[in-house]
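This briefing is intended for a reader who is meeting the structure for the first time. Please keep the sequence and the model in view while reading.

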Amino acid sequence: MIEHLQDSETYAAPRRETDFPIVIVGAGFGGIGMAIQLEKAGIRSYTIFERADEIGGTWRDNTYPGAACDVPSHAYSLSFEQNPDWTRKFSPSSEIQGYLLGIVDKWKLRDHIEFGVEIDEARFDEETGVWTLHRSDGETATARVVISAVGGLVDPSLPDIPGIDAFEGHTCHTARWDHDYDMEGKRVAVIGTGASAVQVVPSIAPRVKHLTVFQRTPAWVVPKRDAEYSEAERQRYRRFPLLLNLSRAFKYWMSELFGPIVYLNAPRLSARGERISLAHLRSQVKDPVLREKLTPDFQFGCKRMLISDDYWATFERENVTLECDPIEQIEGRGIRTKNGTLHEFDAIVFATGFELGLANAPFPIYGRDGRSLNDAWAAGAVAYKGMTVSGFPNWFILMGPNTGPGHTSVLVFTEAQIQHTLGAIKKMRDENLRYVDVRQDVQDHYNDRIQARMPHMVWGNCNSWYLNDDGTNHSLYPGPAFEYVAGACHFEARDYECVKFDAPATSADEETAAA
Ligand code: NA7
């Protein structure tokens, strides 16, 4: 018998903390932030499964030359673990990884992490309110609550170019950089002109003999205005944490203020962004023909806006060529373009982005009645506030569908999701609930509103990884971050079906059953 919780009455059922196992899948920013909040709440019955052999996710994997965050460091860190010691306004990847390693040690989270464990299936049992997770090593784990913190842009995407395996030289993807390969004096190709390319291109150009960048679509680039924090500044932030809070708040509200330029489908706003970018292009590239090739023909913000102080200027170097002729195929000695030219290389770097992890379940997930998440997401990934999916109780997603920002730090969204999840866990634990399952009508209403806003956003006006094959956007949040946070950070029980454990049989029940 399933009874819905109407009042504060609870029944005898597991109440000890050890009876409330929690699993977090993934030890990147989301998983680590969630674990810290659990620790702060005094909840220690959690395990983090991490398929790699170290924490860090994106910042463990992206170690290519020039890898850095394109959100200011003071904003791109957890609000409850701020760091006065960032050495630059935009931290390099290694420093962000160092920050994560530091907070993992500080909170002694390693005791809770099992490395090298990939989850390859999860199944919910409605009777017990328990998820059973199958591990790649053949073991199983059970949990009352699962937090999927696997990230959205994780697995490298290699382009579908004929002959990609035929190349006889060195190849690597930016997210799997081979530090043993020395590019000094080599002829190198970079395929792609996205967020990774604008960082790797200026970083390797001075070292290589010749660099050719294969551009399919030029990108809007704005100045980064990166700078070092001096020791005196860092000391000030250490001594007066309020200054760090103010710096963070300033950066956050500036991105909220100017965000509409990046996400609204408002040509006059987009034109402002385009003017800033074109002025930057003029200041970096003197050759008008080259400038023309580097000028995008789509609306500002439609693809991710890139920030760099030196990407465009790199094309002024004598040892750098911009190649716009489309790639026909890859051959043993190099890349052949449509006009028949074979460009010969010693190495090819694929700066071609990631598989959009959000589009599908990260592994087979079966909820109530054995329904699979991939079936539920057949028409596109949807979740209530990007976190919970009806029919998949006690399953919480961090950085889920429609929670990516185009204009600010994704961690603002992640922290709201962590708070929401924590609220659900406390409610389940304190009221001894078997499960919480978001109501289908609530989820549908939320997603209808999200999709109804999309035509007012700029993203539908060009091709990008933001969009599914059918042109729908299930990755970005169509609005300001503060609005999402206000709506998402509290767990509202009325939005969920809150189901408690069956009451233990009373002697009266037993008599009735016997009769
Ligand atoms: P992105 O932003 O997805 O960029 C990938 C780039 O690779 C982009 O310029 C693509 O061109 C290009 N690409 C992909 N396939 C091909 C083929 N077949 N031929 C030529 N060029 C190709 O990935 P990043 O790693 O730079 O950044 C990913 C995100 O991570 C970023 O937005 C940040 O949020 C963090 P296209 O533009 O599609 O024509």
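The model is a predicted one. The protein is divided into domain 1 (2-153 + 356-514) and domain 2 (170-350). Both domains contribute to the lining of the second largest pocket, each with at least three residues.

**Domains**

- Between the C-alpha centres of domain 1 and domain 2 there is a distance of 32 Å.
- On the side of domain 1, 45 residues are in contact with domain 2, and on the side of domain 2, 43 residues are in contact with domain 1.

**The second largest pocket**

- The second largest pocket holds about 1000 Å³ of space.
- Its lining consists of 29 residues, and those nearest the centre of the pocket are Val222, Pro223, Phe258, Met305 and Ile307.
- Sorted by class, the lining of this pocket comprises 15 nonpolar, seven polar and seven charged residues.
- Helix 6 (241-263) and helix 7 (267-284) each provide at least two of the lining residues.
- Helix 6 gives the largest share of the lining, namely eight residues.

**Helix 5 and helix 6**

- Helix 6 also packs against helix 5 (residues 231-239), with the axes 4 Å apart and at an angle of about 105°.
- Helix 5 is therefore roughly perpendicular to helix 6, since angles of 65 to 115 degrees count as such.
- From helix 5, the residues Arg236, Tyr237, Arg238 and Arg239 meet Pro241, Leu243, Leu244 and Ser247 of helix 6.
- The residues of this contact between helix 5 and helix 6 comprise four nonpolar, one polar and three charged.

**Helix 11 and helix 13**

- Helix 11 (residues 410-430) and helix 13 (residues 481-488) have axes that come within 9 Å of each other and cross at roughly 5°.
- Helix 11 is therefore roughly parallel to helix 13, because angles under 35 degrees are counted in that way.
- Helix 11 takes part in the contact through Val412, Phe413, Ala416, Gln417 and His420, while helix 13 takes part through Ala481, Tyr484, Val485 and Ala488.
- Seven nonpolar and two polar residues make up the contact of helix 11 with helix 13, with no charged residue among them.

Key: Residues are numbered from 1 along each chain as its sequence is written. This is a predicted model: local features need pLDDT of at least 70, side-chain atom pairs count only at pLDDT 80 or more; totals for chains, interfaces and linings use all residues. Side-chain values use heavy atoms; hydrogens and water are left out. Axes are lines fitted to C-alpha atoms, for helices over the stretch in contact, and angles run from 0 to 180 degrees between N-to-C directions. Angles under 35 degrees count as roughly parallel, over 145 as roughly antiparallel, 65 to 115 as roughly perpendicular and the rest as oblique. Contact means heavy atoms within 4.5 Å. Ala, Val, Leu, Ile, Met, Phe, Trp, Tyr, Cys and Pro count as nonpolar, Asp, Glu, Lys and Arg as charged, and the others, Gly among them, as polar. On a 1 Å grid over the protein atoms alone, a cavity is a set of points where a 1.4 Å probe fits but cannot get out, and a pocket is an open set with protein on both sides within 12 Å along at least five of seven lines; lining residues have an atom within 4 Å of a point. Grid points are joined across faces, edges and corners, and a volume is the space filled by probe spheres set on the points. Domain bounds come from an automatic or database domain assignment.
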